[in-house]
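Reader: I would like to learn how to read a model of this kind with some care. Could we go through it feature by feature?

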Amino acid sequence: MESAIAQESSPALVIEPRTGYVQVGWRELWAARELLYFLAWRDLKTRYAQTAIGAGWALMQPLLSTLIFTLVFSYLAKVPSDGLPYPLFAFAAILPWTLFARSLERSTLSVVTEGGLIKKVYFPRLIIPIAATFINLVDFAIGLLILIGMMVWYQFVPQWTFIFLPLFVGVALLTALSVSLWLSALNVKYRDVASVVPLMTQLWMFASPVLYPASLVPESLRWYYGLNPMAGVIEGFRWALLGKTAPDWTMVGVSLLVVALLLIGGVMFFRRVERTFADLI
Amino acid sequence: MSDTAVSVTGLSKRYRLGAIHAQDASLAGALTRGLRRLGGQRPAASTQSTLWALRDVSFEIKQGEVFGVIGTNGSGKSTLLKILSRVTEPTTGRAVIHGRFCGLLEVGTGFHPELTGRDNVFMSGAILGMKRQEIAQKFDEIVAFAEVEQFIDTPVKHYSSGMYVRLGFSVLAHMDPAILIVDEVLAVGDVRFQKKCMGKMEDVGKHGRTVILVSHDMPAITRLCSRAILLNKGEVVQAGPAHEVVNHYLHAGHIQPSVEWPDPGQAPGNEVVRLRAVRVRTEAGVMTDRFDIRKPIDLEVEFDVVKAGRIFVPVFNLYNDEDVLVFIAHDRDPAWQRTPRPTGRYISTARIPGNLLSEGMMSVSSLMMTETPFRLHVHVPRAIGFRVDDSGDGDSARGDYHGRWPGVVRPLLEWRTRYTPEQGQAV
């Protein structure tokens, strides 16, 4: 009788070839939220359990970058930094940038990396790139502590604008996710996508105001500049934390729109091709 | 409300073969092709061919039924499982599943070697769709069933294969799904745990749950399942009561320890030589389709030489269940080497030593040839078949390891050790 009850409570599952538009499956995704947590938790645990200094390595890169950029761009090239100490100026951008770049890279690889699971058991596949994106918040949080340390060192008092911080962090993650949804799915079929991503993030960084202030970009081009969602994120993040130059809100608006479009398209694309994952991996 | 748990209608799955060229699998390749097409060049002819891994499969499983799926490797069993567990999508047809369903193609899926047994129970449970609270509730039961209590906080990379499989199965078995799919689970783990799993499965069946059991283990299928289907090349060859389907599988040319041609007119052969029987026997001469891996196996061919004067060489080709040619054996009986055979009936026996073949199904093709000049007179492909089993007593090549053991042959080699205690000390 037990099973009769189970049957009544859960609707019949129909397995058949899907054609055309595929729904996002919010319900299923929501039901699998614990799996998202477990996947992230597993990654963290295995990463930091193996190398006690795992977190140390994660910080090494942004710190070293900051050091080098300070030397090259501030000391040698004399790039302006909106009147901020250049190390602070650079690190406040490298931090969200690293969050974005790592998320993008890891998430792009995620579907192929989790191929073993995909071939063996069903669960909402969207969970995989989502987990691979959000897990980077941990490294980011540690980096943020260092940034706060730097602010104390430079005796910099954050202003009320810091309440916007989560907004820009969120947009950075969503930007990474919106792009990696496309790339992670493509990477299943075309394995060289993975090798394009580091190149892409590198070029993308120079197209974002990480090393230089957005104020260097001519006013007339700002609108186009906003097409790069990370431009708004980096500027916004810097503003929220250091509160010097307010971001160009038109630019941020354009950025948000671009992310929204990429994200919707990405989810639809991913859902459409996910049915072939198990056969191709 | 119907009492149907699973209903499958017209399920087919097509795989594209030959599409996986390095060029096709790279973005660069795809872009180049795209550009060429834009440039007006026609793309190179596609070398794609297709394979129907599953073709028009239909069946229905009632609530509480234990249903068996059997067939040789490559018959479409795993494809069927993959579709039912939603890992891959069918090309056509549909399956309707009523009730909480648990599909898992491999025990221990989602286990991470670096994580402890405890962590992995939660991880694996979450992947299977259990809530954290639910896993926590059943945790002690899961660990007790798997008998890994002392090691539950040890990373599973230190587990023996048996412990690993036991823990994996235990998570699966405690999910309390209305429908449970089990694939070859009983083939791994030690004999005692296999029995325990069987017990659990029977238990599950009695509680009104539906089980789909996929296995090579025919006795298990007969004992546990009420009904079964037999797949061959993606199609359902037979469906019905489990024992009937198993019998069909064992005797309809798939695996049988002997084949005889009592009527010389029907016997394979030509005007000079005719086969009359092919058999497989134990050392003691008993005909059987199951062999102990440690014991010798005698392959036997009975044939008539109708026209005298030729140097006939009986030949056996042995294939394993993945259709790999394990060996070719030409008759080298010194008594008949280079000796023209007079007419009459011959029985030639080739002995395969114990501890040579791997576990699994074997099939034997029987051939009759003359070597100089070379001529193949008779060829009966897959004339007979048998199964090699390892009882796991510990004195075969397996020793006390009970996990998966690939390899075409499994000889028990002669090992020697030279030990020098003074050397190799820590510095």
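**Strand pairing, overall form and the interface**

Author: In β18(B), the residue that forms the bridge with B:R290 is B:R387. Strands here are DSSP runs of E with at least two residues, helices are runs of H or I with at least four, and both are numbered from the N terminus. This is a predicted model, in which local features need pLDDT of at least 70 and side-chain atom pairs count only at pLDDT 80 or more, while totals for chains, interfaces and linings use all residues. Residues are numbered from 1 along each chain as its sequence is written, and chains are lettered from A and ligands numbered from 1 in the order in which they are written.

Reader: In which sense do β12(B) and β18(B) pair, and over how many bridges?

Author: Strands of a sheet pair through backbone hydrogen bonds, either parallel or antiparallel. Two strands count as paired if DSSP finds at least two bridges between them; β12(B) and β18(B), the latter covering residues 375-389, are parallel and share 3 bridges.

Reader: What is the order of the strands in the open sheet of chain B?

Author: The order is β12-β18-β17-β14-β15, 5 strands with mixed pairing. At the edges stand β12 (290-292) and β15 (325-330) of chain B, each with a single partner strand, so one side of each has no neighbour in the sheet.

Reader: How should I read the overall form of chain A, given its radius of gyration?

Author: Chain A has 14 helices and 1 strand. Its radius of gyration is 21 Å, close to the 19 Å that the rule gives for 281 residues, so chain A is as compact as a globular protein of that length. The C-alpha trace of chain A spans about 75 × 45 × 40 Å along its principal axes.

Reader: How many residues of chain A are in contact with chain B?

Author: Contact requires C-beta atoms, placed from the backbone, to lie within 7 Å; by that criterion, 35 residues of chain A are in contact with 47 residues of chain B. Among the elements that give two or more residues to this side of chain A are α1 (2-9), β1 (13-15) and α10 (193-206), while α3(A) gives the most, with 8 residues.

Reader: Which strand of chain B is joined to β1(A)?

Author: That strand is β4 (residues 92-97) of chain B, which runs antiparallel to β1(A) and is joined to it by 3 bridges. Within this pair, A:V14 has B:V96 as its bridge partner.

Definitions and conventions. Two residues are in contact if their C-beta atoms, placed from the backbone, lie within 7 Å. The radius of gyration is taken over C-alpha atoms; the globule rule is 2.2 Å times the number of residues to the power 0.38.
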